[in-house]
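Please look through the structure shown here before reading on, and keep it in view while you follow the report.

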Amino acid sequence: MSETVAKAWKKRVVTLGVFLLAAGLMYLLFQNLSKFDYRSILETVKSYSAGAIGLAIFFTAVSYVLMGGYDWLGQAYIGKRQNWKRTLLVAFYSYVLSLNVGLSIVSSSAVRYKMYQGWGYKAKDIAKLIVFASVSFWLGLIVLAGAALCASNVSFDGTYPISDALVKPMGALMVLSGVAYVIACRFSTNGIKFKGRTLSLPSWKSGVGQISITVADTVAAATALYFLIPDDNLSFFAFTSIFCIAFFGGLVSSTPGGIGVFETVFLLFLPTTADSNELMAALLVYRAIYFLLPLLVACSLFAALEGKAVAGRAGPGVKKAQGWLSVIAPRVLSAFIFVGGLMLLFAGSLPPNSMHMSWLEEILPLALIELSHFAVSLIGLALLFLAYGIKRKIDSSYYLTLLVLCIGAPLSLLRGDGFGAFAVLAVMATVLAPCRRYFYRKSSLLELNMESGSILAVLLAVASSIYLGFFVYHHGAYETQSWWQFEFDAEKPRFLRTSFAIALLSLLFALYKLVHTARPDAGESFWKKREAVERVLANSPVASANLALMGDKRFFFNDDETAFIMFSISGKTWVSMGDPVGEARAFKDLINAFQETAARFGGQPVFYQASKDHLFNYVDVGLRPVKVGEIARVRIADFSLEGSKRQSMRSRLKRASKKGCTFEILSQKDALLEMETLRQISDEWLVSKKAKEKGFSLGYFDESYLANFRIAVVRVEGAIVAFTNIWEARKPQELSIDLMRYANAAPPSIMEFLFVELLLWAKQEAFTFFDLRVAPLSGITVGNTAPLAHKVLDLVFNHGENFYGFRGLRAYKDRFNPEWEPIYVATPSSWRMPFVTADLTRVVSSPPSKRPAALAQYSEN
């Protein structure tokens with residue numbers, strides 16, 4: 001299995017794991033619904049004093065400031081210091097993104113890499129710093145959790161499969177891991193070898209600093225929550241141990257902000273006298289302060305910087321920062337928009353503000369309130385999907401998001417939420433508006449490929465909002481209300497109707513994004529790369545590579561433009577026409593790059609009509625070659641009309657000559673003068689055969705395409721009655737034919753006359769091989785050990801004459817005594833094989849695409 005395929009499967013497994021984890025947690029919480037009361041939670045949230053909120057905000061700020069210590073120590077480790085402002089900035093943005101988006105290592109690493117790169121750091125040094133910061137955080141978290149377990153009497157009460165007798169020994173082992181690390185730093189001289197690489201350890205003082213900074217940071221983060229829990233007798237050590245476990249679980253789960261995992265651990269294991277409603281209220285307030293408030297600050301900083309730039313007051317510092325801001329801002333803004341959409345969905349699942357609703361009842365009809373309730377929830381769903389477009393820097397996502405926010409803000413005032421939803425939408429619009437320059441990519445949202453992980457996040461958000469609604473309305477006065485009730489105070493029916501519609505729309509759109517694959521803007525069109533294509537073709541040994549001149553394919557070049565792959569895309573399948581073309585030593589890297597590019601867009605490569613010469617390259621990237629036919633190649637030096645075997649052929653040629661048939665090679669210039677005649681013959685042939693033009697693997701009649709070649713024609717009494725265009729390869733002197741057409745008035749055996757005369761002419765011109773092209777399904781071997789695909793293809797070859805003359809075509813080409821060479825289709829061996837086959841069939845049988853006017857004009861010139 002290739003590295004790319006392995007990564008793809010790993011990504012699928014991680015996505016599935018996150019989904020199963022989230023589903024399990026939802027089920028676990030659902031089982032404990034009886035412990036919670038929505039009104040009690042709401043009252044507890046409202047009861048928090050300004051002092052408690054102020055202390056939580058203060059320790060949150062301390063925690064984020066201390067996060068700068070990871071980068072400060074990392075800079076010392078690699079020997080390249082930055083000023084304290086930059087150090088705090090990179091740490092703040094890194095952890096805001098990782099804590100709110102999920103996949104903490106990936107997201108924070110991307111931020112660090114871009115910012116440090118903009119400050120002149122080398123990639124190797126940035127990688128060292130990222131590893132250093134990651135080790136610091138995880139090691140310090142383990143040590144702190146172990147110390148807290150040792151210092152407290154926390155009990156899991158059998159809820160988790162850990163015996164209470166093992167708690168303190170486990171804590172001691174966790175602390176010892178930190179001690180062992182510091183000792184290794186003190187005495188290690190050669191570093192640590194991992195996967196063939198050597199990682200040098202810092203000094204023992206830096207090792208102590210790594211652990212200390214994480215302990216201080218985590219204690220500050222834990223203290224922010226500690227002051228929100230209404231339990232004066234709660235042991236801080238016991239609380240800290242559970243906090244570390246919950247924080248660890250949230251980060252490992254890769255869910256945004258560890259949502260669900262973090263709360264579940266606290267609700268199950270925290271030894272507190274506070275009831276479940278008070279604890280849930282504390283966790284909700286903490287999430288708003290520690291996770292969402294810094295995200296709002298980060299987005300506001302972006303807006304302020306962009307506002308200065310728009311007003312023309314940007315200083316040199318802002319201009320220098322624009323490079324890394326262009327990478328970080330879309331990611332942070334995307335998280336901000338997603339959270340805003342989630343908040344709107346949650347608001348739609350909760351009962352409205354009673355005072356505001358009473359005011360609305362007096363001035364608005366019920367129908368308008370019902371419509372606004374549904375519309376604002378729909379806006380929340382739209383923001384979840386638009387957040388992905390914001391992340392991808394799509395310009396239409398920017399404009400559409402602003403439009404949705406501007407429409408939704410006043411509409412939210414009609415829903416009954418008071419000014420909460422209005423404030424959320426207004427703040428998001430204010431933050432997003434100045435950031436226009438970050439969104440420069442031209443693409444349609446419907447055509448945008450959406451990652452399965454992002455689709456899963458949307459579905460989980462919708463499911464969470466519905467889950468919240470059932471939690472709120474599962475008891476009390478709402479029990480007797482039914483979904484078809486339309487009244488001002490019918491909150492549960494309104495929630496049920498809206499939730500059903502939102503769930504249905506989200507599922508339909510998610511299925512559409514999963515099934516529908518946009519045509520990626522990968523590779524270059526022929527008219528943009530014509531000169532490079534012709535330069536490569538001039539040195540190609542394969543005559544059929546001239547298919548590149550048709551103009552209906554895209555081209556994927558290597559960096560030096562000495563080789564290319566010509567391909568088309570159908571669904572998720574990237575179909576290459578034949579082997580790569582050009583310098584053979586570049587093929588392996590080119591095939592690898594092509595596969596990796598396809599994988600980034602969620603696609604898989606297929607090489608159609610691949611030769612035996614490069615099968616090893618396809619196998620190396622995890623493709624499976626399946627034989628689909630043979631190519632007939634005539635060795636021209638051995639061709640002759642002499643001998644008894646050629647007697648019937650000579651007889652047919654004599655009869656054609658007696659009817660006045662003459663053979664001629666038209667130069668490219670002369671062919672242009674006869675193009676109208678050739679067009680008439682081609683149209684007549686298509687009508688008589690009841691056929692339509694096809695593209696991709698076959699040429700079609702197009703003046704600008706045929707103008708690239710010499711044309712072999714047969715005349716009768718001076719009039720052209722048959723023709724074919726000649727593909728030529730000067731190394732090693734190979735030629736082939738493509739378009740073969742004849743008029744209704746042409747005598748019998750006209751094409752055989754044309755082929756023989758062309759072979760004799762090629763012999764005079766010192767060509768080596770004549771490629772008679774493909775005999776489909778020819779030469780498929782079968783037996784007990786043959787693959788099932790071979791058995792099916794052999795069955796079609798032997799019994800499919802009513803649909804296509806497989807055997808007849810093979811017999812006809814055998815007249816010229818060719819050398820038969822196998823051809824293959826190199827395909828991915830996976831569950832998508834039926835879809836790949838369907839995509840391949842669509843590409844090969846598709847009609848020719850229209851050539852751009854600019855291309856036709858270029859050809860004429």
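Residues are numbered from 1 along each chain as its sequence is written, and side-chain values use heavy atoms, with hydrogens and water left out.

The pLDDT is the predictor's confidence in each residue, on a scale from 0 to 100. The protein chain averages 77, and 75% of the residues score at least 70. Confidence is highest in strand β11 (residues 711–716), at a mean of 94, and lowest in helix α31 (residues 853–860), at 36; helices (H or I, at least four residues) and strands (E, at least two) are DSSP runs, numbered from the N terminus. Over residues 783–805 the pLDDT stays under 50. Where pLDDT is low, the predicted coordinates should not be read in detail.

A nonpolar core is a set of buried Ala, Val, Leu, Ile, Met, Phe, Trp, Tyr and Cys residues joined through side-chain atoms within 4.5 Å, where buried means under 20% relative accessible area, exposed over 50% and partly exposed in between (1.4 Å probe, protein chains only). The largest such core has 120 residues, and Phe-266 is one of those with the most contacts inside it. Helix α12 (residues 276–311) gives the most to this core, with 14 residues. Apart from this core lies another, of 48 residues, among them Val-536 and Phe-701.

Helix α4 (residues 68–78) is largely enclosed by the rest of the structure, because nine of its eleven residues are buried. Among them are Tyr-70, Leu-73 and Ile-78. After α4 comes Gly-79, whose phi is positive, near 80 degrees.

The whole structure holds 36 aromatic pairs, a pair being rings of Phe, Tyr and Trp (its six-membered ring) with centres within 6.5 Å; planes under 30 degrees apart count as stacked, over 60 as edge-to-face and the rest as tilted. Two pairs are set out here.

| Pair | Centre to centre | Angle between planes | Class |
|---|---|---|---|
| Phe-59 and Phe-227 | 5.8 Å | 20 degrees | stacked |
| Phe-555 and Phe-564 | 5.2 Å | 80 degrees | edge-to-face |

Phe-59 lies in helix α3 (residues 50–66) and Phe-227 in the loop between α9 and α10, 168 residues apart, and their pair links distant parts of the chain. Phe-227 is partly exposed, with a relative accessible area of 38%, whereas both Phe-555 and Phe-564 are buried.

Technical notes
Contact = heavy atoms within 4.5 Å.
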